[in-house]
Amino acid sequence: MNVREYISSGIIEACVLGMASDRDMRELESLCEQHQEIKQALEDYQKTLEDFADRYAKKPPEFLKKKIQDAINNDPTNSSKTTIEKIVKDNNNILSLKYLMAASILFLIGSLVFNFIFWNQTKTFKNEIAALEQKQQISIVHHRNNEATIREYKNTLQLFLTPSVKAIPLSGVGNHVECNAVVLWNETTKQVYLYPQNFPVPPSGKQYQLWAIVDGKPVDAGLYATSGANQLQEMKKIPRAQMFAVTLEKKGGAPSPTLSAMYAAGKI
Amino acid sequence: MPIIDQYNEDRLIKSLKHKDEQAFNYLYDNYSAALYGIVIKVIGSVEEANDLLQEIFIKIWRNIDNYDSKKGRLYTWMLQIARNTAIDKLRSSGFQRENSNVSLAHNPLVTTESSSDNIHIDHLGLKDIVQKLDKNYQLIIELAYFKGYTQQEIAEMLKIPLGTVKTRSRKALIELKKIME
């Protein structure tokens, strides 16, 4: 289809002027959809003619406006349309109400779900907090223990550095060569301290006992507390001695040392 | 045509489709003069024109849902309704009988001139346009557009070939466009 030819055929003008047949008009309409050029030509001519027609404009008589308005309002086709419109509007309102309800219910369910999720989370958090608190307690205990240990070492150190304190090493004997110890003897105050190293925990019912050998005779210098493991411990005061020894006795101690159960000994 | 930009036209169409009362007011205030003018030009009688204008507005109101903005501007659509309504009345048997003394084919130019005092004040008045436009072209426009004759009828009336009617109507619009620019 030759667009140029169609445009110069005058058929568009005929349509615009209202002279063309219905068939021609319909053909033009469909051609306008396909060819922008044809559509443009049609619009141009329409505009020209309309502008011309506008020159004939005349104001209608005043009374006519209201008359026409009333006619429109009272038009039966018009009111039925508005009734239908009203019904559709009402239906829409009911529909929107239903949607509103549905939406509200969904929101409610949604919020319940969220509540449950959050409650669960809160429980988990609480558990975690409890666990953390427990850990913290353990830490505190460890810390305290550490502090105690540090204090002990400090005290021990002090003792070692005190001029009037003599350190007497005791070597492990017999089967217990690894069981060394140090006796700290304050020559001024006569206080005696036992500091065992690598001593095994005594079996139940048994206890370590310190002896001071004075003029060939053993003197009880005190029992080492079972709870203390390889820690410095104050023993009985000993005014004079030539040797110290540690034996394993029954709990509560013995009046004289069991020589076969000697663990460590050392001369002053 | 009143200057209505596309945005306002869209809003007007929308409110018309909703049958807003405001839309009617706007429509009437802005378009009634143009539509009334056409009707008067076509039908001649003021009495008839009043009734026709009412009919036209009712038609517009009833059929606004059928208006498709893709097919053209609102004003074009309304003007077509106005013209068709007036022409239908003009060519109806009742009207023909009542107004047999109105010689349609003979004095279109007289009609044109007598309407010149109705003009919409513009930089190029109707009178000017009509004076500048070739008589033959004027006639074609008058007979086709304002009186609703078909190409065949015009050819017979003016005793010219159908082809000439076609070429003349084309030239008429081209010429009219030139004058009005």
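This is a predicted model: local features need pLDDT of at least 70, side-chain atom pairs count only at pLDDT 80 or more; totals for chains, interfaces and linings use all residues.
A residue is called buried here when its relative accessible area is under 20%, exposed when that value is over 50%, and partly exposed in between.

## The layout of chain A

Chain A contains six helices and eight strands, and when the chain is read along its sequence these elements follow the pattern α-α-α-α-α-α-β-β-β-β-β-β-β-β. The eight strands come together in an open sheet of chain A, where they are arranged in the order S5-S4-S7-S8-S1-S2-S3-S6 with antiparallel pairing. At the edges of this sheet stand strand S5 (217-223) and strand S6 (233-234) of chain A, and because each has a single partner strand, one side of each is left without a neighbour in the sheet. In general, the strands of a sheet pair through backbone hydrogen bonds, and the pairing may be parallel or antiparallel.

One pairing within the sheet can be followed in detail. Strand S2 (residues 180-186) of chain A and strand S3 (residues 192-197) of chain A run antiparallel and are joined by six bridges, and in one of the pairings Asn180(A) has Gln197(A) in S3(A) as its bridge partner.

The helical part of chain A includes helix H6 (residues 76-161), in which Trp119(A) lies. Trp119(A) also belongs to a nonpolar patch on the surface, formed together with Met101(A), Ile105(A), Ile109(A), Val113(A), Phe114(A), Phe116(A), Ile117(A) and Phe118(A), and the patch has about 950 Å² of accessible area in total.

## A bent helix in chain B

In chain B, helix H2 (residues 21-43) bends by about 55 degrees at Tyr31(B). After H2(B) comes Gly44(B), which has a positive phi near 85 degrees.

## Aromatic pairs

Over all chains, the structure holds 16 aromatic pairs. Trp185(A) and Phe244(A) are both buried.

Why is the pair of Phe199(A) and Tyr208(A) edge-to-face? The ring centres of Phe199(A) and Tyr208(A) are 5.1 Å apart and their planes stand at 85 degrees, so the pair is edge-to-face, given that planes over 60 degrees apart are counted in this way. Phe199(A) is buried, with a relative accessible area of 9%, and Tyr208(A) is buried as well, with a relative accessible area of 4%.

Aromatic rings also occur as a cluster, in which ring pairs link Phe52(A) and Tyr56(A) with Tyr145(B) and Phe146(B).

## Salt bridges

Side chains of opposite charge can pair when their charged atoms come close. A search of the whole structure finds 16 salt bridges over all chains, and the table lists some of them.

| Salt bridge | Closest N and O atoms |
|---|---|
| Asp44(A) and Lys177(B) | 3.8 Å |
| Arg62(B) and Asp75(A) | 2.8 Å |
| Lys41(B) and Glu142(B) | 2.8 Å |

In the salt bridge between Asp44(A) and Lys177(B), Asp44(A) lies in helix H4 (residues 36-54) of chain A and Lys177(B) in helix H10 (residues 162-180) of chain B, so the pair joins two chains. Asp44(A) counts as partly exposed, at 29% relative accessibility, and Lys177(B) counts as partly exposed at 29% relative accessibility.

In the salt bridge between Arg62(B) and Asp75(A), Arg62(B) lies in helix H3 (residues 46-63) of chain B, whereas Asp75(A) lies in the loop between helix H5 (63-74) and H6 of chain A, so this pair also joins two chains. Arg62(B) counts as partly exposed at 35% relative accessibility, but Asp75(A) is buried, with a relative accessible area of 5%.

The salt bridge between Lys41(B) and Glu142(B) connects helix H2 of chain B, where Lys41(B) lies, with helix H8 (residues 135-146) of chain B, where Glu142(B) lies, and therefore ties together parts that are 101 residues apart in sequence. Lys41(B) counts as buried at 2% relative accessibility, and Glu142(B) counts as buried at 3% relative accessibility.

Definitions and conventions. Residues are numbered from 1 along each chain as its sequence is written. Chains are lettered from A and ligands numbered from 1 in the order in which they are written. Side-chain values use heavy atoms; hydrogens and water are left out. Two strands pair if DSSP finds at least two bridges between them. Helices (H or I, at least four residues) and strands (E, at least two) are DSSP runs, numbered from the N terminus. The bend at a residue is the angle between axes fitted to the seven residues ending there and the seven starting there. Patches are made of residues with over 30% relative accessible area and no salt bridge: like charges are joined within 9 Å, nonpolar side chains (Val, Leu, Ile, Met, Phe, Trp, Tyr) within 5 Å. Accessible areas come from the Shrake-Rupley method with a 1.4 Å probe; for residues, only the protein chains shown count as cover. A salt bridge is a side-chain nitrogen of Lys or Arg within 4 Å of a carboxyl oxygen of Asp or Glu. Rings of Phe, Tyr and Trp (its six-membered ring) pair if their centres lie within 6.5 Å; planes under 30 degrees apart count as stacked, over 60 as edge-to-face and the rest as tilted. Buried means under 20% relative accessible area, exposed over 50%, partly exposed in between (1.4 Å probe, protein chains only).
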